[in-house]
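Please consult the sequence and structure shown here alongside the text.

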Amino acid sequence: MNFRIFKSSIEKGRVTLKLDEAGIVALPEIENIGRDLKRAIHAKFGRSFHIREVDTGSCGACESEIIACSNPLYDIQRFGIDFVASPRHADALLVTGPVSKNMILALKKTYEAMPEPKFVIALGDCAKDGGAFKGSYYTRDGVENILPVILHIPGCPPDPLTIMRSLLSFMHDFPCRRA
């Protein structure tokens with residue numbers, strides 16, 4: 001038994017990433033996008049960018065990728081993006097999944113509870129137009145049928161780097177908020 005595990009490990013090779021001196025996995029692309037994202041968020045907001053996520057009926061794949069954004073590899077929080085539990089603390093509403101009829105009221109109330117200015121970001125193909133559930137009797141398809149969407153992050157599901165790149169692009173296009 002132990003020999004098979006040992007043999008399998010040798011055949012697969014290293015499956016982990018090399019750590020830097022601080023014990024952190026440092027991939028240049030993540031670091032470069034993250035550094036630019038942090039700089040853009042600070043220039044526009046003067047603080048962190050706060051996101052409230054609402055699942056309106058997704059399969060869970062988009063949530064997995066959002067969670068991956070916070071894992072030690074990406075650690076998106078160190079670049080100035082925080083996921084918050086209350087819409088009252090949020091700058092943006094991140095919506096995943098097609099909007100099921102049961103979630104319409106909750107989605108509207110969450111949006112209304114957010115302070116101005118507020119933004120809606122649709123994450124994934126289902127949030128854009130219903131994706132695989134488009135035309136279903138139980139959904140209203142995409143989020144833009146309910147709320148004004150300022151950014152769509154494409155993918156089924158979008159990976160963490162796509163999420164980071166899209167947020168960086170949004171920050172560059174976003175009008176300056178600081179006085």
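Phe6 is placed in helix α1, which spans residues 2-12; helices (H or I, at least four residues) and strands (E, at least two) are DSSP runs, numbered from the N terminus. The model is a predicted one, in which local features need pLDDT of at least 70, side-chain atom pairs count only at pLDDT 80 or more, and totals for chains, interfaces and linings use all residues. Residues are numbered from 1 along each chain as its sequence is written, and side-chain values use heavy atoms, with hydrogens and water left out.

Phe3, Phe6 and Ile10 make a nonpolar surface patch of about 370 Å². Patches are made of residues with over 30% relative accessible area and no salt bridge, with like charges joined within 9 Å and nonpolar side chains (Val, Leu, Ile, Met, Phe, Trp, Tyr) within 5 Å. Accessible areas come from the Shrake-Rupley method with a 1.4 Å probe, and for residues only the protein chains shown count as cover. Helix α1 is hardly covered, since the count of buried residues among its 11 residues is 0. Buried means under 20% relative accessible area, exposed over 50%, and partly exposed in between (1.4 Å probe, protein chains only). Gly13 follows α1 and has a positive phi, near 80 degrees.

## Overall architecture

The protein has 6 helices and 5 strands, and along the sequence they follow the pattern α-α-β-α-β-β-α-β-α-β-α. Taken along the principal axes, the C-alpha atoms fill a box of roughly 60 × 45 × 25 Å. Of the 179 residues, 43% are buried.

Among contacts (heavy atoms within 4.5 Å) between residues at least 6 apart in sequence, 77% join residues at least 24 apart.

## Strand β1 and its partners

Strand β1 (residues 49-55) is mostly covered, with 5 of its 7 residues buried. Strand β2 (residues 81-83) runs parallel to β1 and is joined to it by 3 bridges; two strands pair if DSSP finds at least two bridges between them. Phe83 in β2 is the bridge partner of Ile51. Between β1 and β2 the chain passes through helix α3 (residues 61-69), and this β-α-β crossover is right-handed: with the strands pointing away from the viewer, the path from the first strand over the helix to the second runs clockwise.

Strand β3 (residues 92-96) is also parallel to β1, and 5 bridges join the two. Val95 in β3 stands opposite Val54. In helix α4 (residues 104-113), the buried residues are Ile104, Leu107, Thr110, Tyr111 and Ala113. Their cover includes β1, β3 and β4 (119-123).

## Salt bridges

A search of the whole structure finds 7 salt bridges, each defined as a side-chain nitrogen of Lys or Arg within 4 Å of a carboxyl oxygen of Asp or Glu. Arg78 and Glu31 form one of them, at 2.9 Å from N to O. This pair links distant parts of the chain, with Arg78 in the loop between α3 and β2 and Glu31 in helix α2 (residues 28-45), 47 residues apart. Arg78 also meets Asp75 in a salt bridge at 3.7 Å, N to O, and Glu31, Asp75 and Arg78 are linked in a network of salt bridges.

Another salt bridge is formed by Arg47 and Asp91, whose closest N and O atoms are 2.9 Å apart. Arg47 lies in the loop between α2 and β1 and Asp91 in the loop between β2 and β3, so the pair ties together parts that are 44 residues apart in sequence. Asp91 counts as buried because its relative accessibility is 3%, whereas Arg47, at 37%, counts as partly exposed.

## Backbone exceptions

Most residues other than glycine have a negative phi, and most peptide bonds are trans. A cis peptide bond joins Glu116 and Pro117, with omega about -10 degrees; Pro117 lies in the loop between α4 and β4. The peptide bond from Cys156 to Pro157 is cis, with omega near -10 degrees, and Pro157 is found in the loop between β5 (151-153) and α6 (160-173).

Asp75, although not a glycine, has a positive phi of about 45 degrees and is located in the loop between α3 and β2. Asp141, likewise not a glycine, has a positive phi of about 65 degrees and sits in the loop between α5 (125-129) and β5.
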